[in-house]
Amino acid sequence: MNGPLSDITVVDLSRVLAGPYATMVLADLGARVIKVEPPPEGDDSRRFGPFWEGRSVYYESLNRGKTTMMLDLKDPGHRLEFERLLDEADVLVENFRPGTMERLGYSWDSLSSGWPGLIYAAISGFGQRGPYAERPAYDLVVQAMGGIMSLTGEPDGGPVRVGTSVGDITAGLFAVVGILGALHDRQQTGRGQMVDIAMLDCQVAILENAIARYSATGEVPGPLGTRHPSITPFAIFNASDRPLVIAAGNDELFRLLCGTLGRPGWADDPRFVDNETRTRNADLLNSKIEGVLGGEPASIWLDRLERAGVPCGPINDIAGVMADPSIRARNMIVGVELSGGPRLEIAGNPIKLSAYDDPPDRKASSALDLSTTVKEDP
């Protein structure tokens with residue numbers, strides 16, 4: 001693809017999710033990504049179902065547009081080929097457990113010595129240093145340890161994993177930010193550097209204001225369902241047929257909501273007159289709102305609220321997301337064609353740049369091919 005990174009070559013040693021997500025974003029921005037997979041079967045996620053035309057949908061959704069090679073970094077001939085790739089590379093990405101690259105002979109010291117302009121991004125569960133550095137980690141582990149599970153779910157329920165792998169995905173996104181920062185720095189200094197991304201660090205970074213609230217009040221935040229801890233009304237409400245969400249984030253929006261509900265007096269009620277009092281009386285206010293909404297279907301209320309300018313929305317399942325006209329119009333559902341077969345639809349690129357096209361179709365990932373393992377020595 002064309003894009004602002006079309007002059008950048010990325011060598012991708014990563015597998016499964018965090019690293020491949022990062023390199024997918026780089027590929028969507030135009031980078032040439034060469035994915036290096038171990039023989040004989042490649043990335044573990046190639047064997048994750050469901051399958052489409054014999055290929056993993058999981059793998060395809062994260063590796064579109066990348067070129068694949070199979071290399072065994074313990075094999076001398078394959079190591080030479082890998083080092084040829086590094087000669088061309090601007091960025092190296094891996095998500096092995098710390099110590100793996102050192103054991104293979106590719107520590108940061110050796111990489112920076114041999115390829116001084118290289119940006120080396122290492123994504124791991126707990127980072128390259130620290131008391132947990134050598135521990136293995138998966139998304140579930142860092143969601144638990146990073147606090148987000150303690151904030152997710154209903155107040156009377158137990159901890160709940162977020163429904164997507166935010167431990168991996170946020171690490172991938174922060175890795176991209178670090179890589180772009182390091183590339184910019186290289187323009188000034190000519191030097192590469194190491195980008196050390198820990199999944200646990202990234203979970204702490206997205207706790208929003210939970211840490212600040214605990215620091216200020218001494219109260220440990222807990223799950224609130226869909227309600228916001230500091231803004232009211234900001235939650236799920238039941239209409240007569242199905243739920244919807246309303247997010248009236250300031251006094252003006254609350255007044256508009258009250259008028260739309262036919263209860264303008266609520267905006268002047270001392271219990272609801274500003275956000276602080278509304279949040280203090282959130283259960284009472286939310287009960288009153290739901291009592292009104294329960295009289296008519298969600299579609300009626302959504303139409304009225306949208307016309308009044310009150311932030312609201314339906315609760316879409318994935319089929320609803322894929323049918324949403326805005327999501328379709330903005331190419332957030334794109335297609336890939338696998339070996340001339342049917343078109344598989346996957347998530348698109350949310351970064352829209354005015355200078356570059358955002359096409360509705362993407363190049364499929366590369367199939368594993370033993371012929372692309374090692375080139376002949378000249």
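Let me start inside a sheet, where I246 stands opposite C312 in β11. One point before going on: this is a predicted model.

The strands involved are β10, residues 243–247, and β11, which pair in the antiparallel sense over 3 bridges. They belong to an open sheet of 3 strands, in the order β9-β10-β11, with antiparallel pairing. β9 (234–238) and β11 (312–314) stand at the edges and have a single partner strand each, so one side of each lacks a neighbour in the sheet. From one strand to the next, the twist averages 25°. Helix α12, residues 282–293, packs on this sheet and touches β9 and β10. The direction of α12 makes about 40° with that of β9.

Next, salt bridges. The structure holds 24 of them. In one, the side chains of K66 and D12 meet at 3.7 Å, N to O. K66 is in the loop between α2 (57–63) and β5 (67–70), and D12 is in strand β1, so the pair ties together parts 54 residues apart in sequence. Both K66 and D12 are buried.

Another joins R362 to D28, with the closest N and O atoms 3.9 Å apart. R362 lies in strand β14 and D28 in helix α1, so this pair ties together parts that are 334 residues apart in sequence. R362 is buried, at 7% relative accessible area, and D28 is buried too, at 8%. D28 and R362 are also linked with R64, K352 and D358 in a network of salt bridges.

Finally, the surface. Y132, Y138, V141 and M145 form a nonpolar patch there, with about 400 Å² of accessible area together. Is Y138 buried or exposed? Y138 is exposed, with a relative accessible area of 66%, and lies in the loop between β7 and α6.

Methods: Residues numbered from 1 in each chain as written. Predicted model: local features only at pLDDT ≥ 70, side-chain atom pairs only at ≥ 80, totals over all residues. Heavy atoms only, no water. Patch = residues over 30% accessible without salt bridge, like charges linked within 9 Å, V, L, I, M, F, W, Y side chains within 5 Å. Areas by Shrake-Rupley, 256 points an atom, 1.4 Å probe, with all protein chains shown as cover. Salt bridge = Lys/Arg side-chain N within 4 Å of Asp/Glu carboxyl O. Helix = DSSP H or I, 4+ residues; strand = E, 2+ residues; numbered from the N terminus. Buried < 20%, exposed > 50% of the residue type's maximum accessible area, 1.4 Å probe, protein only. Pairing = 2+ DSSP bridges. Axes fitted to C-alpha atoms, helices over the stretch in contact; angles between N-to-C directions. Contact = heavy atoms within 4.5 Å.
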